Amino acid sequence: MLRSDGGLGAATFAASPLPMTVLSPPLAPFAGEDSAGACAGLELLATAVLMLDCERRVTYANPASENLFELAKKHLVGHRPEQIFADAQGLCAAIDKAVH
């Protein structure tokens with residue numbers, strides 16, 4: 001997700017047993033099928049990483065996020081947090097705080 005100034009925003013969401021950090025970097029270079037190549041280093045992290053577009057849809061999910069959420073990438077990518085998680089209100093609030 002992009003802030004209006006194009007900068008990086010972050011917020012921590014700790015509703016699950018494992019804390020997550022929500023980042024909002026400029027995602028244009030990561031959109032589309034090239035996202036796997038552009039995010040190759042993220043594939044190796046033990047930390048769950050989800051990238052979201054401006055409409056808050058998941059555009060990228062690394063293997064650690066698949067393990068943490070026990071969902072395949074195909075069930076994460078293209079969906080909004082409120083479509084994926086039963087109680088996403090806190091997560092959505094953290095994302096909004098990071099972006100604004």
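1. **Nonpolar core.** A nonpolar core is a set of buried Ala, Val, Leu, Ile, Met, Phe, Trp, Tyr and Cys residues joined through side-chain atoms within 4.5 Å. Buried means under 20% relative accessible area, exposed means over 50%, and partly exposed lies in between (1.4 Å probe, protein chains only). In this predicted model, the largest such core has 12 residues. They are L52, V58, A61, F69, L76, I84, F85, A88, L91, C92, I95 and V99. The largest share, four residues, comes from α5.

2. **Basis of the model.** This is a predicted model: local features need pLDDT of at least 70, side-chain atom pairs count only at pLDDT 80 or more, and totals for chains, interfaces and linings use all residues. Residues are numbered from 1 along each chain as its sequence is written, and side-chain values use heavy atoms, with hydrogens and water left out.

3. **Fold layout.** The chain has five helices and four strands. Both are DSSP runs, numbered from the N terminus: helices are H or I with at least four residues, strands are E with at least two. From the N terminus on, the order is β-β-α-β-β-α-α-α-α.

4. **Helix α5.** Which residues of α5 are buried? They are L91, C92, A94, I95, A98 and V99. Seen down the axis of α5, these buried residues fall within an arc of 160°, so they line one face of the helix. The arc is that of the directions from the helix axis to the C-beta atoms. Q89 and K97, on the other side of α5, are exposed. The general rule: an α-helix has 3.6 residues a turn, so residues three or four places apart point the same way.

5. The chain has 100 residues, and 34% of them count as buried. Take the contacts (heavy atoms within 4.5 Å) in the chain with a separation of 6 or more: residues 24 or more positions apart account for 35% of them. The accessible surface of the chain comes to about 6,000 Å². Carbon and sulfur atoms hold 57% of that surface. Areas come from the Shrake-Rupley method with a 1.4 Å probe; for residues, only the protein chains shown count as cover.

6. **Salt bridge E43 to K73.** A salt bridge is a side-chain nitrogen of Lys or Arg within 4 Å of a carboxyl oxygen of Asp or Glu. The whole structure has five. In one of them, E43 pairs with K73, and the closest N and O atoms are 3.8 Å apart. E43 lies in the loop between α1 (35-38) and β3 (50-52), and K73 in helix α3 (residues 73-76), so the pair ties together parts that are 30 residues apart in sequence. E43 is partly exposed at 27% relative accessible area. K73 is also partly exposed, at 30%.

7. **Other salt bridges.** R57 pairs with E55, with the closest N and O atoms 2.6 Å apart. R57 is partly exposed at 32%, and E55 is partly exposed at 46%. R80 pairs with E82 at 2.9 Å between the closest N and O atoms. R80 is partly exposed at 29%, as is E82 at 37%. Shared partners join D53, E55 and R57 into one network of salt bridges.

8. **Cysteines.** C54 is exposed, at 55% relative accessible area. C92 is buried, at 10%, and belongs to the largest nonpolar core.
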